[in-house]
Amino acid sequence: MNNLDTLLANINRNNIYPPPEIEEVLYFLNSKKPVRDHKRCHAYKIFRYSVSKEYKRIGESNDILIGRATNHLWKNSTTHEKGEYVNLAQRW
C-alpha cells in the first residue's frame with residue numbers, strides 16, 4: 001500500500017475509536033521513555049499510537065504515510081472522538 005486514500009479506505013475505525021485502555025497506553029508510553037513525563041503525554045500522541053497500531057495490523061509500516069493518515073483522521077474526528085483521547089491523556 002502506498003497511497004493515502006487506499007490506507008484510509010482499508011482501516012477499521014472501530015479499532016481507533018474508542019481509544020485503547022489506559023493500561024495499554026501506559027505500557028506503550030513507558031516502553032518508549034524511561035522517565036514518566038506527563039507533559040509528553042497528550043491526546044494526539046495516544047491517537048497516533050492507535051492509528052499506527054491499526055496500520056501495522058493491515059501491513060503498512062511507512063511512517064510518513066501513517067503520519068499523514070493520522071493528521072487526516074485527527075482533523076476529521078468528531079469532537080466526541082477527540083474528547084475521548086483528551087480524557088485518556090488527562091487520566092495519565
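Tyr85 counts as buried, at 0% relative accessibility; buried means under 20% relative accessible area and exposed over 50%, with partly exposed in between, for a 1.4 Å probe and protein chains only. The model is predicted, so local features need pLDDT of at least 70 and side-chain atom pairs count only at pLDDT 80 or more, while totals for chains, interfaces and linings use all residues. Residues are numbered from 1 along each chain as its sequence is written, and side-chain values use heavy atoms, with hydrogens and water left out.

The rings of Phe47 and Tyr85 have centres 5.2 Å apart and planes at 85°, so this pair is edge-to-face. Rings of Phe, Tyr and Trp (its six-membered ring) pair if their centres lie within 6.5 Å; planes under 30 degrees apart count as stacked, over 60 as edge-to-face and the rest as tilted. Because Phe47 lies in helix α3 (residues 43–57) and Tyr85 in helix α5, the pair ties together parts 38 residues apart in sequence. Helices (H or I, at least four residues) and strands (E, at least two) are DSSP runs, numbered from the N terminus. Phe47 is also buried, with a relative accessible area of 0%. One aromatic cluster is formed by Tyr17, Tyr44, Phe47, Trp74 and Tyr85.

Helix α5 itself has Glu81, Tyr85, Leu88 and Ala89 as buried residues. Seen down the axis of α5, its buried residues fall within an arc of 100°, so they line one face of the helix; the arc is that of the directions from the helix axis to the C-beta atoms. The face turned away from the buried side of α5 carries the exposed residues Thr79, His80, Gln90 and Arg91.
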